[in-house]
Amino acid sequence: MTAEDKFRAMADDAPVMLWLADTTGNCEFFNKQWLDFTGRPMEAEVGVGWASGIHFEDFQTCMATYLTAFAVRKGFRMEYRLRRHDGEFRWILDSGAPRYEAGAFVGYVGSCIDITEIRDAREMQRRLAIDLEQHVRDRTAELEKRLREREVLLREIHHRVKNNLQVVSSLISIQANRLDATAKAALEECQARIRTIALVHQRLYQTPDLGRIELDLYVRELARNLHAALAHPNVELSIETDRIGLPIDAAIPCGLILNELLTNAFKHAHTDGTNHVHVAAEQRDGDIRISVSDDGPGLPADFDLRTSSSLGFQLITALAEQLTATVTIGPGVRGDRGDRGTRFEIRFRA
């Protein structure tokens, strides 16, 4: 038995389809697995007969790959659909390589495997990926739409709350005009607190982020409004703030504390001559620090914030607890007259 005969006998026992081609590209041998797959005899397959089983959509590409490889005598791999004995077209991975004997080119040897299931799985995976990507796009678009609608709704809510608080403030103002001076002053303080809360909602209505307000802008606007409404003409105001974003749940208690401190400073820090009130807001190491300083007459020596009977100071204590904030009290603005007045600092983490 020649080496060629031995190869052909072994080829029939191989678990894959095998073929041999001569130097011209004509196939001269197919093993049993190929013939069983196509259901055709050897005589029908040799030469270029095998190519008649290729799907017409793959025929041109298949032949171009096959003949180009032969022309340059290089290996190739290609996928095409081949008709099986039952008429079904199956995807085939065909790999061919040039073969040599004693250094001389004698043709090609190739192997084929059925990769239909692999291709089907790959196609299913591709379709699933496309479907998933489309689903993600659709869900993202839906969520973005809902978020836009929610944002519009929240802005409208903040706008209406601000307007309603302004109405409440106006009603209080009308009522205050019918009361005695003491009751009127108490209602005016309540009115100022309502305006402070309304300003938070106004800021939220105007800010790009509905979950936070720009504390620096809020502090400046609140301080200037209170200065214009309450301060003696000789009381000057200075403001120094970092750019800070404050969460909505901390904005209202923080604003009310600041309202009480500024109201107290503008009402009581005035003495003969020019006085000064300084407001500062900064963020350091994660802590927000807000301070109000003045150079007025200062607090009594025995003053204790926790036991004060003043409603304003009681509010500061309660709101500070709500913020888990610490309140420190010290000398106010240092000037030509030495350390005078009072400095309140509120420190909390938000």
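In the hairpin of strand 1 and strand 2, Gly-25 adopts a positive phi near 100°. This hairpin has 5 residues between the strands. Strand 1 covers residues 17–21, strand 2 covers residues 27–30, and the two pair in the antiparallel sense over 3 bridges. Two strands count as paired if DSSP finds at least two bridges between them. Leu-20 has Phe-29 in strand 2 as its bridge partner.

The model is predicted: local features need pLDDT of at least 70, side-chain atom pairs count only at pLDDT 80 or more, and totals for chains, interfaces and linings use all residues. Residues are numbered from 1 along each chain as its sequence is written, and side-chain values use heavy atoms, with hydrogens and water left out. The predictor's confidence in each residue, pLDDT, runs from 0 to 100. The protein averages 83, and 82% of the residues score at least 70. Confidence is highest in strand 3 (residues 76–83), at a mean of 96. It is lowest in strand 12 (residues 334–335), at a mean of 52.

The secondary structure comprises 9 helices and 14 strands. Both are DSSP runs numbered from the N terminus: helices are H or I with at least four residues, strands are E with at least two. Of the 350 residues in the protein, 39% are buried. Buried means under 20% relative accessible area, exposed means over 50%, and partly exposed lies in between (1.4 Å probe, protein chains only). Contact means heavy atoms within 4.5 Å. Among contacts with a separation of 6 or more, 57% join residues 24 or more positions apart.

Strand 10 pairs with strand 14 (residues 342–349) in the antiparallel sense, over 7 bridges. Within this pairing, Ile-290 stands opposite Ile-346 in strand 14. In a regular strand the side chains alternate between the two faces of the sheet.

The structure holds 13 aromatic pairs. Rings of Phe, Tyr and Trp (its six-membered ring) pair if their centres lie within 6.5 Å; planes under 30 degrees apart count as stacked, over 60 as edge-to-face and the rest as tilted. Trp-50 and Tyr-66 have ring centres 5.5 Å apart and planes at 65°, so this pair is edge-to-face. Trp-50 lies in the loop between helix 3 (42–45) and helix 4 (56–72), while Tyr-66 lies in helix 4, so the pair ties together parts 16 residues apart in sequence. Trp-50 is buried, at a relative accessible area of 4%. Tyr-66 is also buried, at 3%.

Phe-303 and Phe-313 form another edge-to-face pair, with 5.0 Å centre to centre and 65° between the planes. Phe-303 sits in the loop between strand 10 (287–294) and helix 9 (311–323), and Phe-313 sits in helix 9, 10 residues apart. Phe-303 is partly exposed at 24% relative accessibility, whereas Phe-313 is buried at 8%.

Ring pairs also build a cluster, whose members include Trp-19, Phe-30, Trp-34, Trp-50 and Tyr-66. Elsewhere, Arg-119 lies over the face of Trp-91, at 3.5 Å from the ring centre. A charge sits over a ring if NZ of Lys or CZ of Arg is within 6 Å of the ring centre and within 35 degrees of the ring normal.

Arg-73, in the loop between helix 4 and strand 3, has a positive phi of about 55°. Arg-73 is partly exposed, at 45% relative accessibility. Asp-285 has a positive phi near 50°. Asp-285 lies in the loop between strand 9 and strand 10, and is exposed, with a relative accessible area of 74%.
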